[in-house]
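Subject: Handing over a structure and its salt bridges

Hi,

Here is the structure I promised to pass on. Please have a look at it first, and then read on for what turned up.

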Amino acid sequence: MKLLIVDDDQHIRMLFKEELEEEGYEVYVASTGAEALTLFEKVSPDLVTLDILMPDIDGIKLLRQMKEKRPRIPIIMSTAYDYRDDFAVWASEAYIVKSAELTELKATIKKLLEKR
């Protein structure tokens with residue numbers, strides 16, 4: 001399964017990449033919205049994690065653009081801030097608050113991919 005990790009924080013990208021590759025996933029990373037859209041088209045991931053606060057295109061705009069192209073792709077919104085109540089109206093399948101402990105992220109990814 002191919003995952004696309006979109007985050008402007010290099011440490012988060014590398015942490016997610018290393019941990020998720022250990023779980024057996026093929027992981028691609030993007031540091032900007034533009035790079036994410038290019039990889040989204042090129043590698044056709046099975047799941048995406050999106051940071052909300054990005055320098056060029058914010059995660060909400062990316063979410064909408066990705067869902068327009070592939071409405072059924074599972075997308076997990078990932079942020080350092082707790083916007084959980086705001087996500088009720090957005091089209092993401094899940095939301096996580098970033099931390100060095102990736103148990104919740106891994107479980108969410110597994111659950112969403114099993115639904116497919």
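A salt bridge here means a side-chain nitrogen of Lys or Arg within 4 Å of a carboxyl oxygen of Asp or Glu. Please note that this is a predicted model, where local features need pLDDT of at least 70 and side-chain atom pairs count only at pLDDT 80 or more, while totals for chains, interfaces and linings use all residues. Residues are numbered from 1 along each chain as its sequence is written, and side-chain values use heavy atoms, leaving out hydrogens and water.

Searching the whole structure gives four salt bridges. One of them pairs Glu-19 with Lys-106, at 2.8 Å from N to O. Glu-19 sits in helix H1 and Lys-106 in helix H4 (residues 103-115), so this contact ties together parts that are 87 residues apart in sequence. (Helices are DSSP runs of H or I with at least four residues, numbered from the N terminus.)

Another joins Glu-21 to Lys-17, with the closest N and O atoms 2.6 Å apart. Both belong to helix H1 (residues 10-22), and because they are four residues apart, about one helical turn separates them. Glu-21 is partly exposed at 37% relative accessible area (buried is under 20%, exposed over 50%, partly exposed in between, with a 1.4 Å probe and protein chains only).

Lys-69 and Glu-41 also meet in a salt bridge, at 3.3 Å from N to O. Lys-69 is in helix H3 (residues 59-69) and Glu-41 in helix H2 (residues 33-43), so the pair links parts 28 residues apart in sequence. Finally, shared partners join Glu-19, Glu-23 and Lys-106 into one salt-bridge network.

Best wishes

Terms used:
Helix = DSSP H or I, 4+ residues; strand = E, 2+ residues; numbered from the N terminus.
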